[in-house]
Amino acid sequence: EKEVVSLGTGTKCIGQTAMSPNGDVLNDSHAEVIARRGCIRYLIQELHRAVSDGDSSVFCQADQRGKWRLQPGVSFLFFTSHTPCGDASIIPMSDSQSQPCPPVTPVKGHKGNDGGGDLKRKAEEPSEGKNTKLHCLEEQETAETKLEDRGDTKQSFLSNSSKSKDPSQSHSAKTPVETASQDSAQLEIKSKGPYDSAGLHPQVPDIHRTGAKCVPSGPTDPLHPGVGYHSTGVLRVKPGRGEPTLSLSCSDKLARWGVLGFQGALLSHYLQEALYFSTVVVGKCPYSQEVMQRALVTRSSHVSDLPAGFSVCPPVLLQSSLEFPFSQAQTELRHQAGQGRISPCGAAISWCNVTEQPLDVTANGYKHGVTKKALGTAKARSLLCKLELFHSFLSLVSATDPSALPESLR
């Protein structure tokens, strides 16, 4: 049994001067981040149920006092309709990929969405718009079982799975994953040769480029023609043509979650072990298994000496055969002259499987539609911002019997 527990869309990110030291502004509104933050709201609710009456379908008591762990057979799967911005998007470009894809045919039962100061910052490349989905999946499903993939502009969701007969396989889906080259700077590029099929124009191998910029004081992009344009395997900040941001790319954040977990520092107080995605699925789009392996797994595979409860836990990497029908490429193919300019939506949408206020729509880091007069008040705050998540956590602590609090909160 699969259950979507968090879904997000978005392609925007605020500039560094728009950030708030009070944590009341949503800094990063890329779909992957929106979905993961919505998942934290869901996890807080499930922990609230666990500490109140033990009635949680996700958590059960762990060995350590005041600590909780996942129920046997429960795991989380992350779906994104496009490769994450940053290192995972620096992909060798084939001849077919350099041309627009043919329009997709709608598939019954599968819907998708497309993804992206003054606070406004343009998306990395409109082609990188997506929907990211986080799924909490039961172990009953192996990689040979069909997953219901849904492509969205940037959209993300989490789902809850049923108990499996063999929970030990929670991170061992049987679909083989190609091994990435240890030298992240090397990309294999297939081309027809020095000339095209007509023998007229030289064929220059190239890569899909990312708008994400290398972090200051680190390695820089050489900007050479073709495959030498980017440095690979380096940390990057979110793309955009507006004011620079301090938010790391989604590739970097996914790599971090593969070591530190996606539960965040606050929930780590209550959890005996960090939570990791067992699988990351990418929708049909320019994709390289080797590049995804480098960006999400290989870069952090050397990390060691982690505290108890943490480990390097690489996800299984898969690609869906379904393309999000409202991606930039598909939208441009259907676009008619005179219909106006195509641009990514400036708002970010979050839905999560919680009882109170499951829907949260934001723009420029604040609730969508608020007036300037309301800025700085609770009315303007997104339910996903740091301050609101902290308030939810404090509510969880208050609901916990003092004798059942974890040692770190006593």
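Predicted model: local features only at pLDDT ≥ 70, side-chain atom pairs only at ≥ 80, totals over all residues.
How many residues of strand 6 (residues 74-80) are buried?

View 1. Strand 6 is mostly covered, with 7 of its 7 residues buried. Val74, Phe76, Phe78 and Thr80 point one way from the strand, while Ser75, Leu77 and Phe79 point the other way. Residues on both sides of strand 6 are buried. Strand 6 pairs with strand 13 in the parallel sense, over 5 bridges. Within this pairing, Phe79 stands opposite Val281 of strand 13.

**View 2. The largest cavity and its lining.** The largest cavity holds about 80 Å³ of space. Its lining consists of Leu254, Trp257, Gly258, Tyr276, Phe277, Val280, Leu296, Cys313 and Pro315. Two elements, helix 2 (250-260) and strand 13 (277-282), each supply at least two of the lining residues. Helix 2 gives the largest share, 3 residues. By residue class, the lining of the largest cavity has 8 nonpolar residues, 1 polar residue and no charged residue. Strand 13, which contributes to this lining, is also the parallel partner of strand 6.

**View 3. The salt bridge between Lys253 and Asp28.** The closest N and O atoms of Lys253 and Asp28 are 2.7 Å apart, and the two residues form a salt bridge. Are Lys253 and Asp28 buried or exposed? Both Lys253 and Asp28 are buried.

**View 4. The salt bridge between Asp221 and Arg236.** The side chains of Asp221 and Arg236 meet in a salt bridge, with an N to O distance of 2.7 Å. Asp221 lies in the loop between strand 11 (213-214) and strand 12 (236-237), and Arg236 lies in strand 12, so the pair ties together parts that are 15 residues apart in sequence. Asp221 has a relative accessible area of 17% and therefore counts as buried, the cut-off being under 20%. Arg236 is buried as well, at 0% relative accessibility. Elsewhere in the model, salt bridges with shared partners join Asp28, Lys238 and Lys253 into one network.

**View 5. The salt bridge between Arg381 and Glu388.** In this view the side chains of Arg381 and Glu388 meet in a salt bridge, at 2.8 Å from N to O. Both Arg381 and Glu388 are buried.

**View 6. Ser247 in the loop between strand 12 and helix 2.** Where is Ser247 found? Ser247 belongs to the loop between strand 12 and helix 2. Its relative accessibility is 8%, so Ser247 counts as buried. Ser247 and Val215 are separated by 32 residues in sequence, and their C-alpha atoms are 9.8 Å apart in space.

**View 7. The whole chain, as context for the close-ups.** The protein chain contains 6 helices and 17 strands. Of its 410 residues, 49% are buried. The chain exposes about 19,700 Å², and carbon and sulfur atoms supply 53% of this area. A search of the whole structure finds 11 salt bridges, among them the pair Arg381 and Glu388.

Conventions:
Residues numbered from 1 in each chain as written. Heavy atoms only, no water. Salt bridge = Lys/Arg side-chain N within 4 Å of Asp/Glu carboxyl O. Buried < 20%, exposed > 50% of the residue type's maximum accessible area, 1.4 Å probe, protein only. Helix = DSSP H or I, 4+ residues; strand = E, 2+ residues; numbered from the N terminus. 1 Å grid on protein atoms, 1.4 Å probe; cavity = no way out; pocket = protein on both sides within 12 Å on 5 of 7 lines; lining within 4 Å. Points joined across faces, edges and corners; volume = space filled by probe spheres on them. Nonpolar A, V, L, I, M, F, W, Y, C, P; charged D, E, K, R; others polar. Areas by Shrake-Rupley, 256 points an atom, 1.4 Å probe, with all protein chains shown as cover. Pairing = 2+ DSSP bridges.
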